[in-house]
Amino acid sequence: MRNSALLRRTGLTVAAAAAFPLALTAAGPAAARGSGISVSTTGSTVSVVTSACTQINGNWGTASLLNSSQSSFAQGRQVALSGTGVSQSAAWSDVGPGTYTVIVICSDQQTAGTQSVIVSAPATPTPRPTVSPSRGVMGGLGGAARDYGPVTMGVGAALVGTGVIAGAWFLRRRSKPHRL
């Protein structure tokens, strides 16, 4: 019983795997291939990439960018495709916001694909107020930002001198252990 359920599931999987390519063939070659082009936007630049074109007399083909009011390939901004036998590309810069259609026609006059693309307006940053200190930074060593008078400097010098003398007296006394 256990083996028959396993064989039934395996048979259904094999049947589905065999039917999938037949369904793609019945839908037609265009459905299996896709449009043949890939369109992308970065800021105000629109670019198209295809691998459907072949080079004829040094020319891969032409790509055209049409805005919503243009209806034919010749009315759009045309750019020659460049690339290699593996991949050809074209790009348009300074494209304004809106909806555009990209059409690629290879050098053998076959259409590689047509695809719509939306170019968004550039995001404008929102200005934020910055908080600045009311006074400049008081950098320096300790109290270097103040001017101390001669009395304060004299008292400081006397304290340093007293510390030096007391240290010398302590070290001298330590060197003679029998002295009280």
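Which residue does a disulfide join to Cys53? In this predicted model, the partner is Cys106, with an S to S distance of 2.0 Å. The structure holds one disulfide. In general terms, a disulfide is a covalent bond between the sulfur atoms of two cysteines. The torsion about the S-S bond of Cys53 and Cys106 is about -75°, so the disulfide is left-handed. Cys53 is located in the loop between β2 (45–50) and β3 (61–66), whereas Cys106 belongs to strand β7 (residues 98–106); the pair therefore ties together parts that are 53 residues apart in sequence.

The accessibility of both cysteines was also computed. Cys53 has a relative accessibility of 3% and counts as buried, because buried means under 20% relative accessible area. By the same cut-off, Cys106 is buried as well, with a relative accessible area of 4%.

A polar atom of the Gln88 side chain lies 3.4 Å from the backbone nitrogen of Cys53. The side chain of Gln88 also places a polar atom 2.8 Å from the backbone oxygen of Thr84. Gln88 counts as buried, since its relative accessibility is 0%.

A further pair of residues brings together separate parts of the chain. Ser72 is found in the loop between β3 and β4 (77–80). The C-alpha atom of Ser72 is separated by 9.5 Å from that of Ile103, although the two residues are 31 residues apart along the chain. With a relative accessible area of 30%, Ser72 is classed as partly exposed, because this class covers values between the 20% limit for buried residues and the 50% limit for exposed ones.

Attention then turns to helix α3, which comprises residues 150–175 and contains Leu159. The unreviewed UniProt entry lists residues 151–171 under "transmembrane region". In the model, the span of residues 151–171 is 100% helix and 0% strand, and its end C-alpha atoms lie 31 Å apart. Val151, Val155 and Leu159 make a nonpolar surface patch of about 320 Å². Leu159 has a relative accessible area of 61%; it is therefore exposed, as the cut-off for this class is over 50%.

Conventions:
Residues numbered from 1 in each chain as written. Predicted model: local features only at pLDDT ≥ 70, side-chain atom pairs only at ≥ 80, totals over all residues. Heavy atoms only, no water. Patch = residues over 30% accessible without salt bridge, like charges linked within 9 Å, V, L, I, M, F, W, Y side chains within 5 Å. Areas by Shrake-Rupley, 256 points an atom, 1.4 Å probe, with all protein chains shown as cover. Salt bridge = Lys/Arg side-chain N within 4 Å of Asp/Glu carboxyl O. Helix = DSSP H or I, 4+ residues; strand = E, 2+ residues; numbered from the N terminus. Buried < 20%, exposed > 50% of the residue type's maximum accessible area, 1.4 Å probe, protein only. UniProt positions renumbered as here; feature names shortened; annotations may be inferred. Disulfide = S-S within 2.5 Å. Polar contact = N/O pair within 3.5 Å; in protein donor to acceptor, adjacent residues only side chain to side chain.
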